[in-house]
Amino acid sequence: MEKGIESGRRSHSMESIFLRLAVWLSVFTLLAYFLSGFGNRLGWWNFRTGFEILKYAFFGALITLCLTMIGIYKGPGGEYNRRFPLALPPLLISLFLVSIPLKFIWVAKNVPRIHDITTDPDNPPGFSAILPLRKDASNSVVYGGPEIAALQRKGYPEIKPVVMSMTPDQAFQRSLSTAEKMGWKIVDVNPSDRRIEATDTTLWFGFKDDIVIRITPSSGGSRIDVRSVSRVGVSDVGTNAKRIQNYLKKLEEIE
């Protein structure tokens, strides 16, 4: 009987160790996740290093999840209920952190592998004032042509120009006001060409994507075209398309 009690104590002790390890590992993993992106944003390392940190943090979250499950395994004496409060934080953190890369992987496999999105693939708006800011960018602003256009139309058929029943000058002011409301950094405002150029910075990794808005006369009003291009990366994981969709939605909202 004493051997059984001693065995149960050793089992409880081991499970407590697993849980304490899981708690500490979840803290370090959570910190690594945030630093992977913000380190790039702050200039501590480049985004490729950030992705490597993110990869190892993902494996750390998987290990944390395994340690937590081992630690809350219901052993003799019904210890499960007493240990669960300690296990809850690392369990929730590890599940959350594991889900982030899995979500990105799922999105990446279901969107076109492109980083240049526009409402007018046949005649995309061109950049001018923003070109000096892209001198070190790995991606060109030269549009990829029919191949990219076909990928976009297949992946984002809803990305289309907006036609508004107002004069081009009114549409220009409305477009500028909407761009400012989006929180973008306005780089150039050209009323004569009715062109607006801006830059948007992603929250986590601080990637800079450039936007150009073009307003042209159209029968019954004005046509507004938008283009959003990433400076780095082959795939934008849907970021540019989502940005344009949000902009056009806000543009059409009744004030």
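Tutor: One term before we start: buried means under 20% relative accessible area, exposed means over 50%, and partly exposed is in between, with a 1.4 Å probe and protein chains only. This is a predicted model, where local features need pLDDT of at least 70 and side-chain atom pairs count only at pLDDT 80 or more, while totals for chains, interfaces and linings use all residues. Residues are numbered from 1 along each chain as its sequence is written, and side-chain values use heavy atoms, with hydrogens and water left out.

Student: OK. Where does Ser36 lie?

Tutor: In helix H1, residues 2–41. Helices (H or I, at least four residues) and strands (E, at least two) are DSSP runs, numbered from the N terminus.

Student: Why does Ser36 count as buried?

Tutor: Because its relative accessibility is 0%.

Student: What does the side chain of Ser36 reach?

Tutor: The backbone oxygen of Tyr33, at 2.5 Å. That is a polar contact: a pair of N or O atoms within 3.5 Å, where within protein one must be able to donate a hydrogen and the other to accept it, and residues adjacent in sequence count only if both atoms are side-chain atoms.

Student: And which residues is Ser36 in contact with, leaving aside neighbours within four places in sequence?

Tutor: Trp45, Gly50, Ile53, Leu54, Trp204 and Phe205. Contact means heavy atoms within 4.5 Å.

Student: New topic. What do the buried residues of H5 pack against?

Tutor: Strands E2, E3, E4, E5 and E6, and helix H6. Those buried residues include Phe172, Leu176 and Ala179.

Student: What follows H5?

Tutor: Gly183, with a positive phi near 85°.

Student: In what sense do E4 and E5 pair?

Tutor: Antiparallel, over 7 bridges; two strands pair if DSSP finds at least two bridges between them. Thr199 has Asp210 in E5 as its bridge partner. The two strands form a hairpin with 6 residues between them, and Gly206 in the turn has a positive phi of about 70°.

Student: How many bridges join E5 to E6?

Tutor: 10, and those strands run antiparallel. Their hairpin has 2 residues between the strands, with Gly220 in the turn at a positive phi of about 85°.
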